[in-house]
Amino acid sequence: VWHPGLTKYQTQKLELIQKRAIRIAYPNISYEDALGTYTISTLHDRREHLCKEFFLKICKPEHKLHQLLPTKCKVKHLRHARTYNLPRVKTNRLKNSPVYYGVFNFQNSIGI
């Protein structure tokens, strides 16, 4: 499931499944305590982390999808450090696509 493509309702339903599974595995501990004690992250956090990893892989020139990234910034901005130019998008569907979601949300974490 591509993380930004999920609705709020779908995200809540998936999280309920994890809560139920944790309640079965650890019946004497609350959901929040189980997350902290057993270093389990919420499904939302896990999906966000996987999206970031996917984008960082695409940023490597040898990756097959690298050519889908927008052009790199030619000028270094001091206040807004960006690697790629932010494209103009008219729809949320494009903005939430795998490549552009990474460009809009994770390009500051690139160590280039």
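A polar contact is a pair of N or O atoms within 3.5 Å; within protein, one must be able to donate a hydrogen and the other to accept it. Keep that in mind as you explore this predicted model.

**Exercise 1.** Find the residue whose side chain makes a polar contact with that of His-3, and decide whether His-3 is buried or exposed.

*Solution.* Start by locating His-3, which lies in the segment before H1. Next, look at its side chain: a polar contact of 2.8 Å links it to the side chain of Glu-48. Then list the contacts of His-3, setting aside neighbours within four places in sequence: His-44, Arg-47, Glu-48, Cys-51 and Tyr-101. Finally, check accessibility. Buried means under 20% relative accessible area, and His-3 has 9%, so His-3 is buried.

**Exercise 2.** Describe how helices H1 and H3 are arranged.

*Solution.* Two packed helices are described by the angle between their axes and the distance between the axes. Here H1 covers residues 8-25 and H3 covers residues 43-58; their axes come within 9 Å and cross at roughly 115°. H1 is therefore roughly perpendicular to H3. Now see who meets whom: Thr-11, Leu-14, Glu-15 and Gln-18 of H1 touch Leu-43, His-44, Arg-46 and Arg-47 of H3. Sorted by type, the residues of this contact comprise 2 nonpolar, 3 polar and 3 charged.

**Exercise 3.** Work out where Thr-39 sits and whether Thr-39 is buried or exposed.

*Solution.* Thr-39 belongs to the loop between H2 (31-37) and H3. Its phi is near 45°, a positive value in a residue other than glycine. Exposed means over 50% relative accessible area; Thr-39 reaches 73%, so Thr-39 counts as exposed.

Methods. Residues numbered from 1 in each chain as written. Predicted model: local features only at pLDDT ≥ 70, side-chain atom pairs only at ≥ 80, totals over all residues. Heavy atoms only, no water. Axes fitted to C-alpha atoms, helices over the stretch in contact; angles between N-to-C directions. Helix = DSSP H or I, 4+ residues; strand = E, 2+ residues; numbered from the N terminus. Parallel < 35°, antiparallel > 145°, perpendicular 65-115°, else oblique. Contact = heavy atoms within 4.5 Å. Nonpolar A, V, L, I, M, F, W, Y, C, P; charged D, E, K, R; others polar. Buried < 20%, exposed > 50% of the residue type's maximum accessible area, 1.4 Å probe, protein only.
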